[in-house]
Structures are given as structure tokens and as C-alpha cells.
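I opened my notebook to look up a few local features, one entry at a time.

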Amino acid sequence: MTFSCLGLSLLTACANVIPPCGAKTSPPSSELRNTKWELTRWNLPPNANGEVRTRQIPQGENSNPIQIIFDAKGDRVSGSTGCNRFTASLDEDAKGFTFKQITSTKMSCSPARNELENDFLYELNDYRSIVRNGDQLLMIGADREVLSFTQRSNTVTSK
């Protein structure tokens with residue numbers, strides 16, 4: 001009895017970890033085909049008091065927002081880091097997809113934009129889970145940062 005209770009408590013504890021136990025999870029890429037998403041909120045990890053702080057990010061077309069665009073075939077993404085363009089392939093398994101072979105252009109940016117771009121590309125490469133809720137997409141990092149994307153109404157045309 002003690003052993004089964006211990007096992008149950010470990011499973012319950014693992015289920016309550018955000019991100020969940022270090023496993024990458026995401027919706028199937030087919031749900032995201034031919035869609036465009038803009039980063040609208042960036043929550044930093046909670047501080048020592050448990051308070052969640054937000055990071056300033058560019059938003060709207062005139063401010064070079066951070067965007068992710070899923071292609072029509074479901075095997076590539078592209079987008080903007082707010083300064084440079086990036087592209088990546090999608091690798092999919094039973095737990096969803098991961099971004100592979102992320103590459104970006106190397107245009108010169110302000111130091112603040114360079115820092116934002118580097119941090120975004122790090123999160124893109126090291127997220128633990130992606131959750132879709134209608135027109136919202138949450139990318140939860142290993143460091144507990146949460147990037148919130150909003151779907152944009154214009155979809156990408158297939159090439």
C-alpha cells in the first residue's frame with residue numbers, strides 16, 4: 001500500500017510540473033498548417049516571490065514583431081525575430097513536433113534587438129511544450145518562460 005501511494009504521489013507531482021517533466025509536447029503540425037502567429041506577450045520566469053514579470057516586445061506591423069509562419073505542407077516554419085528572418089524544419093513524432101535546423105539571416109540590429117532575437121531563438125530551440133487554445137499559442141520554455149502568440153487573420157499562401 002505504501003509503495004503504491006508513493007508511486008501515485010510521484011506521478012501526481014510529475015503531472016503538476018510546468019513544463020511537464022522535461023518532455024517536449026505540442027499539437028500535431030497539421031493543426032497549424034498555413035497559419036501565421038505573432039508574439040504578443042512574453043512572461044519571464046517567476047521571481048523569488050513567485051511574481052511573473054513580462055518582457056517588453058515589439059508588436060504590430062510597424063514595429064517588426066516576432067512572428068512564426070507554418071507552411072502549407074506542415075514540414076517547415078519561417079518568420080521574423082523582430083530583426084532577422086528565420087526558417088526551420090519540423091520534426092514530428094507521437095508527442096508533437098520540434099523545430100530542427102533553425103537558421104537565420106545575420107543583419108545588424110540594435111543591442112536590445114540582438115538580445116531579444118537571441119533569447120527568442122533560444123526559446124524556439126529549447127521549449128518544453130506548445131499549447132494551442134483557438135487563436136492563442138503558448139510556448140513554454142524549459143526555464144518556465146511563456147511566450148504567447150496570437151493568430152493573425154491573414155494566412156500564408158502555399159508555394
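**Entry 1: two paired strands.** I began with strands β4 and β5, which are joined by 7 bridges and run antiparallel. The model is a predicted one. I noted that β5 covers residues 96–104, while β4 covers residues 85–93. With 2 residues between them, β4 and β5 make a hairpin. I then picked S89 and looked for its bridge partner in β5, which is K100.

**Entry 2: T87.** Next I went to T87, which sits in β4.

**Entry 3: what surrounds T87.** I listed the contacts of T87, leaving out residues up to four places away in sequence. T87 touches R76, V77 and S78, and also Q101, I102 and T103. I also checked T87 against S104: the two are 17 residues apart in sequence, yet their C-alpha atoms are 6.4 Å apart in space.

**Entry 4: polar contacts of T87.** Which side chain does the side chain of T87 meet in a polar contact? I found R76, at 3.0 Å. The T87 side chain also reaches the backbone oxygen of V77, at 3.2 Å.

**Entry 5: a helix.** Last, I turned to helix α2, residues 111–126. I noted 16 residues and a reach of 22 Å from the first C-alpha to the last, close to the expected 22 Å. Which residues of α2 are buried? I wrote down L116, E117, F120, L121, E123, L124 and D126.

Methods. Residues numbered from 1 in each chain as written. Predicted model: local features only at pLDDT ≥ 70, side-chain atom pairs only at ≥ 80, totals over all residues. Heavy atoms only, no water. Helix = DSSP H or I, 4+ residues; strand = E, 2+ residues; numbered from the N terminus. Expected span 1.5 Å × (residues − 1). Buried < 20%, exposed > 50% of the residue type's maximum accessible area, 1.4 Å probe, protein only. Contact = heavy atoms within 4.5 Å. Polar contact = N/O pair within 3.5 Å; in protein donor to acceptor, adjacent residues only side chain to side chain. Pairing = 2+ DSSP bridges.
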